[in-house]
Amino acid sequence: MPTVYLKDGTTVQVRLEDLEDYLYDNQDQIETRPRKLRRPPVDTSVMSVSNK
């Protein structure tokens, strides 16, 4: 189930079927967070030098 983080510090798990309605009804209470990268970007210049 998707987790929604609220501005008051609580978290709510919402069923996928109800997620759109929940987000619309509670948009002023929902905290937005930056997305975390899973891995750092790859520097192609370093890769080409190390593969020689």
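Student: How many helices and strands does the protein chain have?
Tutor: The protein chain has two helices and two strands. Helices (H or I, at least four residues) and strands (E, at least two) are DSSP runs, numbered from the N terminus. This is a predicted model, where local features need pLDDT of at least 70, side-chain atom pairs count only at pLDDT 80 or more, and totals for chains, interfaces and linings use all residues. Residues are numbered from 1 along each chain as its sequence is written, and side-chain values use heavy atoms, with hydrogens and water left out.

Student: In what order do the elements run from the N terminus?
Tutor: The order in the protein chain is β-β-α-α.

Student: What share of the residues counts as buried?
Tutor: 13% of the 52 residues in the protein chain. Buried means under 20% relative accessible area, exposed over 50%, and partly exposed in between (1.4 Å probe, protein chains only).

Student: Which residues make up the largest nonpolar core?
Tutor: Six residues do: V4, L6, V14, L19, Y22 and I30. A nonpolar core is a set of buried Ala, Val, Leu, Ile, Met, Phe, Trp, Tyr and Cys residues joined through side-chain atoms within 4.5 Å. In soluble globular proteins, nonpolar side chains tend to be buried together.

Student: What does L19 touch?
Tutor: P2, V4 and V14, if you skip residues up to four places away in sequence. Contact means heavy atoms within 4.5 Å.

Student: New topic. How many salt bridges are there?
Tutor: Three, from a search of the whole structure. A salt bridge is a side-chain nitrogen of Lys or Arg within 4 Å of a carboxyl oxygen of Asp or Glu.

Student: Which one does R33 form?
Tutor: R33 pairs with E31, and their closest N and O atoms are 3.3 Å apart. R33 is partly exposed at 49% relative accessible area. E31 is partly exposed too, at 32%.

Student: What about R15, which partners does R15 have?
Tutor: One is E17, with the closest N and O atoms 3.4 Å apart. Another is D18, at 3.6 Å. R15 is partly exposed at 46% relative accessibility. E17 is exposed at 58%, while D18 is partly exposed at 35%.

Student: Where is Q29 found?
Tutor: In the loop between helix 1 (19-25) and helix 2 (44-50). Q29 is partly exposed, at 39% relative accessibility.

Student: Which residues is Q29 in contact with?
Tutor: L6 and K7, leaving aside neighbours within four places in sequence.

Student: How far apart are Q29 and Y5?
Tutor: They are 24 residues apart in sequence and 8.8 Å apart in space, C-alpha to C-alpha.
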